Amino acid sequence: MATIHVDGKEYEVDGADNLLQACLSLGLDVPYFCWHPALGSVGACRQCAVKQYKDADDTRGRLVMSCMAPASDGAYISIEDEEAKAFRENVVEWLMSNHPHDCPVCEEGGNCHLQDMTVMTGHNSRRYRFAKRTHENQELGPFVSHEMNRCIACYRCTRYYKDYADGTDFGVYGANNNVYFGRPESGTLESEFAGNLVEVCPTGVFTDKTHTERYNRKWDMQFAPSICQQCSVGCNISPGERYGEVRRIENRYNGDVNHYFLCDRGRFGYGYTNLETRPKQPFTYQGEEQVTLNTEQAVQSASDIIKGSTRVIGIGSPRASLESNFALRKLVGADNFFTGIEAGEQQRLERMLQVLKTSGVYTPTLREIEKYDAVIILGEDITQTAARVALSVRQAVKGKAREMAAVQSVAEWQIAAIQNIGQHAKYPIFTTHTDRTRLDDVTAWHYSAPAADQARLGFAIAHAIDSSAPAVADLNDELQKKADFIASALKQSRKPLIISGSQAGEITLIDAAANIAKALKSQGVDEVGLTLVAREVNSMGLAMLGGKSLDEALSAISDGADTAIVLENDLYQRMSAQRVDQALDQLKHLIVVDHQYSATSKKAELVLSAGSFAEADGTVVNLEGRAQRFFQVYDPSYYKPGTLVFAAWRWLYLVNSAKNAHSSDAGTLDQLIAALASEMPQLAGIVGAAPNADFRIHGQKMARSPHRYSGRTAMRANISVHEPRQPQDQDSPFAFSMEGNNNPKADRNEVAFAWAPGWNSPQAWNKFQDEVGGHLRNGDPGVRLIETSNQGEYFAEIPASFVATEGQWQVAANYRLFGSDELSQRSAVIQERAGQQTVTIHPADAKTLGVNEHAMVSFAWGGQQWQLPLSFSDHISVGTIGLPLGTNGLPASLAGQMIDNLQEGHA
Amino acid sequence: MSLSINKTAESHPLTWCLREDEQPVWLDEYRRKEGYVGVEKALAMHPDEVVSLVKDAGLRGRGGAGFPTGLKWSLMPKDESMNIRYMICNADEMEPGTYKDRLLMEQMPHLLVEGMIIAAHAIKAYRGYIFLRGEYVEAAENLRKAIEEAKLAGLLGKDILGSGKDFELFVHTGAGRYICGEETALINSLEGRRANPRSKPPFPAVSGAWGKPTCVNNVESICNVPSILNRGVDWYKGLTTNGSSDCGTKLMGFSGRVNNPGLWELPMGTTAREILENYAGGMQEGLDLKTWQPGGAGTDFLLPEHLDLPMDFEHIQKAGSRLGTALAMAVDHKINMVSLVRNLEEFFARESCGWCTPCRDGLPWSVKILRAIEHGEGQPGDIETLEQLCRSLAPGHTFCAHAPGAVEPLQSAIKYFRKEFEAGISGQANNLREIRGIQPNQQ
């Protein structure tokens, strides 16, 4: 701690900070541009100048850049000093000399750090009267728009894109006041994290292109605290809605999880929730004709089907909330509840849960991953399967430079100095995969091999660390040497992190990862971390909830279950069409509760129109076992009367009420959570994941919209000129509309949108944090459900090495960030970004087959045929085939299966 | 180069062995003229002794800032484990009107090589780079040849002259940015990055090229070192004249419309008048000296009344300018100060690296105002805006010294010749539509 004096007042601050961080953390407003809590200080923009005095007696002082001056004990500074104020006003005047002043047509307007800072400095009249420098813009792909004339050259974009996210196709070009920030030429930004430019840029150079077509001001949107549904990481997001559509996703700060950044799948993949093809009313069929139902009819119809059935099974979903899965389980009974996850994945998830519970190894938060000093990743290309984790791992690797700089007493915020000292030094990271991975550029060593061989290497590493861990027989010398090398690197590190997951389709990889972690722990390396990546937003939640696999559900149908209720799950994404068809065709009744019109929905007799994450509340559990609540953003029926979209759990609750009590009790979220907590002690913690519906600030609910929200009385005028009462939210502490509390200083941790007086841009988050870039003042939202205990033994089932069979190819799972996720793949921009997917084989296999690269090849499996272009990889093993699972209807259960009919052209 | 002066090793340590035919002095001739004696003496000494010697000699950096060379060397880390160190020569001579390093490198390449070896020994560097202005093609050729000669003679490479000292030396030619003369921008450029200056601390002595301890010295500074080793501290201090507190000799010159523009090695403290009148032959026929810059484009203008000042760091600074490179420029009475300063500011604005706001956006604004004034289209308030720019682009307000240097001629031109600026103010702030390039955004 240090005592600093600001404008005559004494404050206690963290002496390791710089003065800007210290002042902002104290709640004092100092304008800034080039500094960013996640990017450190470089002193480029000169906006944060303050007057610093030698001591209490010094009256003259000198201007310093507060971002570049340490908050050392006994520092005397003045923010209000006239010279400092005049200089800061000058800086904005200079920045604006080439800025086009196009706020009225700029998408950043009302969400703009440049506007906020300009107002803060008081610069309000223009003296510069000459021509402005102009630039040409670039086409940067489907996600991000580019308008360089607005650039104030703060350099944040290039520092984020190149230095933080390790992107290579973006930079700064030119010199003097003709500096240009962009790609060498037009083209889609290659980084999976390019969307963060939208929030990193303090002005409107980079804006969200998906928002452009349906643009509105930030203050005209309705927001809610939400959780990204597109993978198992559980990033916190703030979706914004207007006119009944989600119009963009902003990052929602969570100091434990994603802090300032999202991946592009999460930020831009929301289009599926706006699809016209979504069922917006329940419907059934009379003959061939689709008939829409009202709520009572739909509920009655479901209830009648259930009553008339001999056995009703419920097929849940890892992309549905705990509440919805639990409501289904209540409706059909525990014995008839199935998770909807295919058996192999279910087994892997159960193993992951077992490891998390009993390995005695800590699972770090996303934020904590950034502090590990050696990483081994077994089997997962995490940039594709849990992208935000990859961004954190990239920061961990850079810890080496921070360590080298710390030796020279260079502060953590002195990022330029750290980079100069560290140069290209990295902490070691080792990866294994069936092919190359997107982390190749930072890995110390990468091993491409079939999954079983990757697992064998993992077991060998564990054995090399602790000889009491099971040994691997017949490992070749070269691989043994590598295992020894990696083992010693991990042992020498202070904080090694082991990452694996379910998506390689090989359970022994999880075992091997657990063994390595355990072995390190046994050798006295205390701060071992273990991160296991699951596939979907609530995979871990469903593993904790329990239930039998999808395979068993299909068997139950063969064994006589005549009715199935499928919850938010397209079974065709998981298992072969043949098997799913076979089972569904045996059913008398199929009820689907979903917000998408999927292949499974098409088979349904009754479809109950569920809400997506934007229209429903619920709780999901991420890969670390953190339960997080997402809140309904808007009520679609407000804009389109007749729309009957409810949270899936509400439909199921209504059906249950009708079935059991002949009542129309719709229940509340809190009731359901209370029931869940009491029946499922392992999930009891979710009650604390977020405040309940009774939470109030000074007697007020929290507002979903900024208080400048406009057009409310007009937006429904096409339906009626009488404005109805705003929808009432019984389930959450949020009010639809701007009526309610949005005070950043209030005691709350669920924040719908970042806004504070004078701070309209995402930089407003610093008003909600305990210290800038730290944690939310009232704690980061969410609650961790799993506490590990040291009971587990080493796993000893070591797989045999893969042996290629002529004419057969083992499927290697090549998940794709853009395209593999069942929901976001329905979004047009994700399809555009994903482009054409390919199958990958080794050139030697291609030679045997007599096919050329880029040729169309076809294969059949499980009653389905695929035709895709071919690409080569020297890294994939002979006898294996890399398939982009999840895309093109390639089901997850293909992983590890054998394809025996690969050929050129049509099958 | 005036050849009428009788030059000796004692009086003209930098230039005494230059050839009359202006051809380079190669190794054999250089060795005959006391060449590499300094290296031999230095290698026999402990590096710290060499540092002390140069410190005691009072050698101040000849690149313009005048930072004591020995002191700079002594800032290198004492920690012996930091054993990868670089010695860099700043030969990116780009200051408008400055041409002193060029002479030394073209005609006396071995003097720089010798100085580099001694400096490398002093700071325990195993590798050195001469960061040379790209346009100095002849200097590059001669330096490279000199390095080859020195290598063959065992003066560079492994185990120099059997001393156990290793040092390899490379010439790196720049790609043409003025800012590369700023030592940290030079280091970035050498590393292959954008030539933006780095923030300090950490200083290059701790974390320089490729993050390793690095020392950057100007060509002329390094060329002073061999004779200090050779002849000692007392001799070096005694070279000074007119009671100057600075030591040694300095390459000084005068350009502009003088009769004999040129470059001479003179004792520190020689008056500007002596250089202008005795060496440069005074102003050309019919021209009066109006003002002069003592040491490069980035130094404040001085008046004729300042001509009797001794040319050294202290006296020139007291008069409100800087000695800079000590290559003065005479401005005659026919030159309009607004045009002159506009030309200078165009250069500085163009050469801004674009990193910090005041420099990147402030300097171009000053250029645009100066152009307007030059065309008689200045508006009331323009001079005040220029003055405010000069104040706010002060040292410490900007990221490096580029912008503060850039506004030095502007602020002194306004100070001494305000009337010339006022003459360009039309006083018609409302008549903007007729003014070329000015947008009618005020009514």
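## Domains of chain A

Domain bounds here come from an automatic or database domain assignment. For chain A this gives domain 1 (2-96), domain 2 (359-535) and domain 3 (809-904). The centres of domain 1 of chain A and domain 2 of chain A, taken over C-alpha atoms, are 40 Å apart.

This is a predicted model: local features need pLDDT of at least 70, side-chain atom pairs count only at pLDDT 80 or more, and totals for chains, interfaces and linings use all residues. Residues are numbered from 1 along each chain as its sequence is written, while chains are lettered from A and ligands numbered from 1 in the order in which they are written.

Two residues are in contact if their C-beta atoms, placed from the backbone, lie within 7 Å. Eight residues of domain 1 of chain A are in contact with six residues of domain 2 of chain A. The domain 1 side of this contact has four nonpolar, four polar and no charged residues. Ala, Val, Leu, Ile, Met, Phe, Trp, Tyr, Cys and Pro count as nonpolar; Asp, Glu, Lys and Arg count as charged; the others, Gly among them, count as polar.

## Where the chains meet

Chain A puts 34 residues in contact with 34 residues of chain B. On the chain A side, β4 (62-65), α2 (82-96) and α15 (415-422) each supply at least two residues. Helices (H or I, at least four residues) and strands (E, at least two) are DSSP runs, numbered from the N terminus. The chain A side divides into 20 nonpolar, 10 polar and four charged residues.

α2(A) packs against helix α14 (residues 357-374) of chain B at an angle of about 60°, with their axes 9 Å apart. Axes are lines fitted to C-alpha atoms, for helices over the stretch in contact, and angles run from 0 to 180 degrees between N-to-C directions.

From α2(A), the contact uses A:Val91, A:Trp94 and A:Leu95. From α14(B) come B:Thr357, B:Pro358, B:Asp361 and B:Gly362. By class, these are four nonpolar, two polar and one charged.

The peptide bond from B:Lys200 to B:Pro201 is cis, with omega near -5°. The bond from B:Pro201 to B:Pro202 is also cis, with omega near 0°. B:Pro201 lies in the loop between α8 (183-191) and β4 (214-218) of chain B.

A:His259 is not a glycine, yet has a positive phi of about 30°. A:His259 is buried (20 or more other C-beta atoms within 10 Å of its own), with 24 such atoms.

Note on methods: A residue is buried if 20 or more other C-beta atoms lie within 10 Å of its own, exposed if 12 or fewer, and partly exposed in between; C-beta atoms are placed from the backbone.
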